[in-house]
Amino acid sequence: MTSKYDRRQGGGLVQSVSSDYFHAANVLKGRNARKRIVAYVESYEDIPFWRLVLSDFEDETRYFEVMLPSKTNLNKGKKQALINLMQQGGGQNMIACVDADYDYLLQGKTNQSEFLLSNPYVIHTYVYAIENYQCYAPSLHNVCVMATLNDHIIFDFYDFLTQYSRIVFPLFVWNIMIYRLRKFSWFTITDFNNTASISHAGLPEINNVLRKLSHKVHVKIDDLRRKHPGMKDLYISTRDSLLSMGVTPETTYLYIQGHHLFDNVVSPTMQRVCDTLRREREREIRSKAMHSVQLQNELSSYNKSQSDIVSMLKKNQGYIHSEPYKRMRHDVEEVLNRQNKNPEPPCSANNTTPHP
């Protein structure tokens with residue numbers, strides 16, 4: 001016979017599951033057992049990222065279990081995780097870990113933004129998504145080294161993404177301003193991405209690529225000004241608001257749509273850099289090989305040791321030194337400090353006992 005604890009609501013989590021549920025489960029383990037804190041994330045690919053974040057906070061008293069918000073189907077996404085928290089009740093034993101998307105920058109102008117910012121048990125990335133962290137500029141040369149085994153610096157990723165960010169920043173302010181007004185159709189994220197896209201010529205052409213981008217941005221801004229006059233004061237206040245939140249002209253790339261940045265800006269650029277580094281290493285091997293057998297062995301060994309750039313980017317952890325990442329860690333600390341100051345009460349006899 002199916003118990004009430006096994007009934008499902010909309011194919012989601014067990015209906016009675018909440019922070020109190022996991023608290024009760026922890027109590028059953030005994031006073032000296034490590035407390036389990038469940039962290040719901042948006043997708044399978046997010047699990048390694050949040051495991052890295054949360055593992056630093058595990059000790060002899062607690063551990064985290066990172067999982068999707070549904071055990072009975074493949075519903076995914078931040079919306080599903082947030083709905084589960086709202087329905088079941090987040091707390092000291094159950095949190096949600098999500099991409100910020102635009103919700104952090106919208107500052108409560110939508111229901112989802114307000115919930116993300118007001119619920120202390122929702123941890124968000126501050127940057128748009130995990131992909132933005134993976135594209136953290138100061139770490140990209142190291143990613144190239146891992147992919148090519150060549151430490152020759154032939155391209156300045158930091159300078160490139162700084163210039164890219166400065167160019168698109170004024171347009172990004174327009175995008176956020178319009179989204180805060182909830183006039184999404186005026187200038188969508190897709191519209192922004194189309195304007196902020198770049199062509200991918202050879203590395204020597206990168207300055208010309210950025211000049212073309214600057215021209216596109218100025219044309220689009222002039223178009224927005226014509227269509228929506230009288231926005232100067234609101235634009236300035238939006239810009240100042242973003243600056244106060246840590247979005248600078250030099251770091252705009254961290255806050256634009258993550259997939260666009262990863263797939264259309266950083267990954268193709270890195271591919272060209274890595275192709276150049278690989279050819280350089282192969283020329284070096286050819287010049288130093290004593291005979292054809294040695295040449296073939298060295299080239300074969302080198303080719304087997306290389307990795308594709310997308311895989312290396314997804315494994316990149318150089319972002320741990322970035323300011324948004326430090327802010328995110330601070331939010332986790334705040335949750336744990338709240339636990340220490342206000343521990344959940346012991347389960348009474350009337351509390352629902354979780355199934356094994």
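Predicted model: local features only at pLDDT ≥ 70, side-chain atom pairs only at ≥ 80, totals over all residues.
Local features need pLDDT of at least 70 and side-chain atom pairs count only at pLDDT 80 or more, while totals for chains, interfaces and linings use all residues. Residues are numbered from 1 along each chain as its sequence is written, and side-chain values use heavy atoms, without hydrogens and water.

Helices α8 (residues 157-180) and α11 (residues 232-244) cross at roughly 105°, their axes coming within 9 Å. Helices are DSSP runs (H or I, at least four residues) numbered from the N terminus. Axes are lines fitted to C-alpha atoms over the stretch in contact, with angles from 0 to 180 degrees between N-to-C directions. The pair is thus roughly perpendicular (65 to 115 degrees). In the contact (heavy atoms within 4.5 Å), α8 residues including F169, W174 and R180 meet α11 residues including Y235, R239 and L242. The contact residues comprise 11 nonpolar, two polar and two charged.

The model has 14 salt bridges (a side-chain nitrogen of Lys or Arg within 4 Å of a carboxyl oxygen of Asp or Glu). R239 pairs with D240 at 3.3 Å. R239 is partly exposed, at 29% relative accessible area (buried is under 20%, exposed over 50%, partly exposed in between; 1.4 Å probe, protein chains only). Shared partners link K220, D223, R226 and K227 into one salt-bridge network. R62 bridges D59 at 3.7 Å. R62 is buried at 14%, whereas D59 is partly exposed at 27%.

Disulfides (cysteine sulfur atoms within 2.5 Å) number zero. The sulfur of C274 lies 3.6 Å from its closest cysteine sulfur, in C144, too far for a bond. C274 is buried, at 0%.

Notes: Helix = DSSP H or I, 4+ residues; strand = E, 2+ residues; numbered from the N terminus. Parallel < 35°, antiparallel > 145°, perpendicular 65-115°, else oblique. Nonpolar A, V, L, I, M, F, W, Y, C, P; charged D, E, K, R; others polar.
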